[in-house]
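Keep the structure in view as you read.

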Amino acid sequence: MGVWELLLVGVVLLLGLCGVLVPGVPGSWLVWAAVMWWALQDPRPLAWGVLVGATVVLLLSQVVRWALPPRRLRTGGATPRMGVYAGLGALAGFVLLPVVGAIPGFVGGIYLSERLRLGRHGEARAAVRTAMRSGGWSVLAELFACLLIAGAWLGVVLGG
């Protein structure tokens, strides 16, 4: 697979990661489709292993999301700005503290957004609690799964 094709797969993965944070966009399926396209173009056993792993991880994340309460992010006060902060926090946490850092990064991103908006620590903590209860855990489960898949893909591509 050429460099341009790998970049295109990376862009679709990035769009899928962003799509997880936007209601109504099938972000996790974009991530899976990008990995599937890559595995079909690069028929190494490791590529197929990443595809099988991606499929299992996404199915598990769907089970987790169905077990959680339904998303009511708008009624919980979630804004697009909060989604951007949460997504960037999860990505930074995933990179700085591999894999498990996405969880505190996501929550920290929501806290930072609310702290900037509300100005006080107590109000920001209450807003984080409300956001997580109104669907934040569901978004976090899906985003975490997609970050795992994107990280596995990147590791295989860079590792050769």
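The second largest pocket has a volume of about 220 Å³. The model is a predicted one. Start with the pocket, then turn to two of the helices that line it, α1 and α6.

**The pocket lining**
- Three helices each supply at least two lining residues: α1 (3-20), α4 (80-96) and α6 (121-159).
- The biggest share comes from α6, with 5 residues.
- Look for Gly10, Leu13, Leu14 and Leu17 in the lining, along with Leu91, Phe94 and Val95.
- Leu147, Ala150, Gly151, Trp153 and Leu154 line the pocket too.
- What classes of residue make up this lining? There are 10 nonpolar, 2 polar and no charged residues.

**How α1 and α6 pack**
- Two packed helices are described by the angle between their axes and the distance between the axes.
- For α1 and α6, the angle is about 165°, and the axes lie 9 Å apart.
- Angles over 145 degrees count as roughly antiparallel, so α1 and α6 are roughly antiparallel to each other.
- The crossing of α1 past α6 is left-handed.

**The contact between α1 and α6**
- From α1, the contact uses Leu6, Val9, Gly10, Leu13, Leu17 and Val20.
- From α6, it uses Val139, Glu142, Leu143, Cys146, Leu147, Ala150, Trp153 and Val157.
- By class, these contact residues divide into 12 nonpolar, 1 polar and 1 charged.

Methods:
Residues are numbered from 1 along each chain as its sequence is written. This is a predicted model: local features need pLDDT of at least 70, side-chain atom pairs count only at pLDDT 80 or more; totals for chains, interfaces and linings use all residues. Side-chain values use heavy atoms; hydrogens and water are left out. On a 1 Å grid over the protein atoms alone, a cavity is a set of points where a 1.4 Å probe fits but cannot get out, and a pocket is an open set with protein on both sides within 12 Å along at least five of seven lines; lining residues have an atom within 4 Å of a point. Grid points are joined across faces, edges and corners, and a volume is the space filled by probe spheres set on the points. Helices (H or I, at least four residues) and strands (E, at least two) are DSSP runs, numbered from the N terminus. Ala, Val, Leu, Ile, Met, Phe, Trp, Tyr, Cys and Pro count as nonpolar, Asp, Glu, Lys and Arg as charged, and the others, Gly among them, as polar. Axes are lines fitted to C-alpha atoms, for helices over the stretch in contact, and angles run from 0 to 180 degrees between N-to-C directions. Angles under 35 degrees count as roughly parallel, over 145 as roughly antiparallel, 65 to 115 as roughly perpendicular and the rest as oblique. A crossing is left-handed if the near helix is turned anticlockwise from the far one by less than a right angle, and right-handed if clockwise. Contact means heavy atoms within 4.5 Å.
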